[in-house]
Amino acid sequence: MKKIAAVLGLCGLSAFALDPAQGADWKMDPAGSKLEFIATFEKTAAPGVFKEFDARLRFDPDKPAGSSLEVTVKVTSADMNIADVNKEIRGKDWFDYAGFPQAEFRSTDLRRTEGNRYVAHGALSLKGVKQPLEVPFTWTGSSDGAVMEGELTVKRGAFGIGAGEWAASNVIGADVKVKFKVKLRKAG
Amino acid sequence: MLRNDADSWGAPAKLFHWVMAALILAQIALGVMAASWRVSPTKLELFFWHKSTGMLILALVALRLLWRLANPTPALPAGMPAWERAAAQLSHGLLYVLMIALPITGWIVNSASSIPFRIFWLIPLPAIVAPDKPTADLVALVHGGLFALLALVLVAHIGAALRHHFVKRNTVLERMLPGTWRTP
């Protein structure tokens, strides 16, 4: 009996280990990936990028339950392509590079909405504030990997980006559009 | 009377003169405040209005030059000394050059700084030079130098107009005033 139980147990374990619902592990290819943030200045788009970030994903597009996504962003790699602005955003009123050099998004709840569209329900930690965030994305698989792409809008005020007098949204808008394209390949 | 003739300015020429005079004075105030304000939303707002007004002035000066070329220019008073005629021509020429050069150098600074900008929130301003910080810094100095020159020429222009009216007692100033103020 013990033997049978042990065998059954092993079967159960291996079945669990092979459970496709856990999905494959994916690693980001930085060369093919881009993370943009588009603020507005006097109602005109003011684009920027985070040059350094990384995404790790455990995901099966056919069975997204049990998937997880972890994105780390080196906030200090922000570049808005305007020398004076790049100098300003380092400061305490904006990203506060010294205090909060890194941002994170974590989700363990990824769901399909329709076709190749999904939403990752998770939380964004940015400048010491953690807030729930939904990240919609499309998934495009190919022979050598996959691409996830999406965009969403973040309220900068919720994270204290633009403190004090900058909190007013008439000059620098309240909404920041975030656009991402992440090229992934299967890990290991 | 719309068109200029040998003695007087028509209504469009006067309108151009006084609207642009008001815009240029406002523009100087905006520019000086924008440049000297501490970094704040107010500073950005001042720059936004300064840039928008500058592009408006550039558009208006283009129309104004076309109108001037399509019309006779009223003659200077008879008997004006040669140096005064030369000074009048030089200062008027300089004012036109500055009304074009100041907006364009401002435009270059904005382009070289790659600052996204829509004139009065409406018309996207295309970049006329590639983003480059040294270019932006250099042309900003030129822009400031041209402003100093404009201030000098404006003082001369206003001083000369007042001198024509109060000292030489001719019609040079009066004929630029709106019709109802004119003495027959």
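The model is predicted.

**Helix packing in chain B**

Helix α3(B) spans residues 82–112 and helix α4(B) spans residues 133–166.

| Helix pair | Angle | Axis separation |
|---|---|---|
| α3(B) and α4(B) | about 155 degrees | 9 Å |
| α2(B) and α3(B) | about 140 degrees | 9 Å |

At about 155 degrees, α3(B) is roughly antiparallel to α4(B), because angles over 145 degrees count as such. α3(B) crosses α4(B) in a left-handed sense. The contact of α3(B) with α4(B) has 18 nonpolar residues, 6 polar and no charged.

α2(B) and α3(B) pack at about 140 degrees. They are therefore oblique to each other. Their crossing is left-handed. On the α2(B) side, the contact includes Lys51(B), Gly54(B), Met55(B) and Ile57(B), with Leu58(B), Val61(B) and Leu65(B). On the α3(B) side stand Tyr96(B), Met99(B), Ile100(B) and Leu102(B), with Pro103(B), Gly106(B) and Asn110(B). By class, the residues of the contact of α2(B) with α3(B) are 10 nonpolar, 3 polar and 1 charged.

**Contact between chains**

How many residues does the contact take from chain B and from chain A? Chain B gives 15 residues and chain A gives 14 residues. On the chain B side, the largest share comes from helix α2(B), residues 41–69, with 4 residues. That side of chain B has 9 nonpolar, 3 polar and 3 charged residues.

Methods
Residues numbered from 1 in each chain as written. Chains lettered and ligands numbered in written order. Predicted model: local features only at pLDDT ≥ 70, side-chain atom pairs only at ≥ 80, totals over all residues. Axes fitted to C-alpha atoms, helices over the stretch in contact; angles between N-to-C directions. Helix = DSSP H or I, 4+ residues; strand = E, 2+ residues; numbered from the N terminus. Parallel < 35°, antiparallel > 145°, perpendicular 65-115°, else oblique. Left-handed = near helix turned anticlockwise from the far one by under 90°. Nonpolar A, V, L, I, M, F, W, Y, C, P; charged D, E, K, R; others polar. Contact = placed C-beta atoms within 7 Å.
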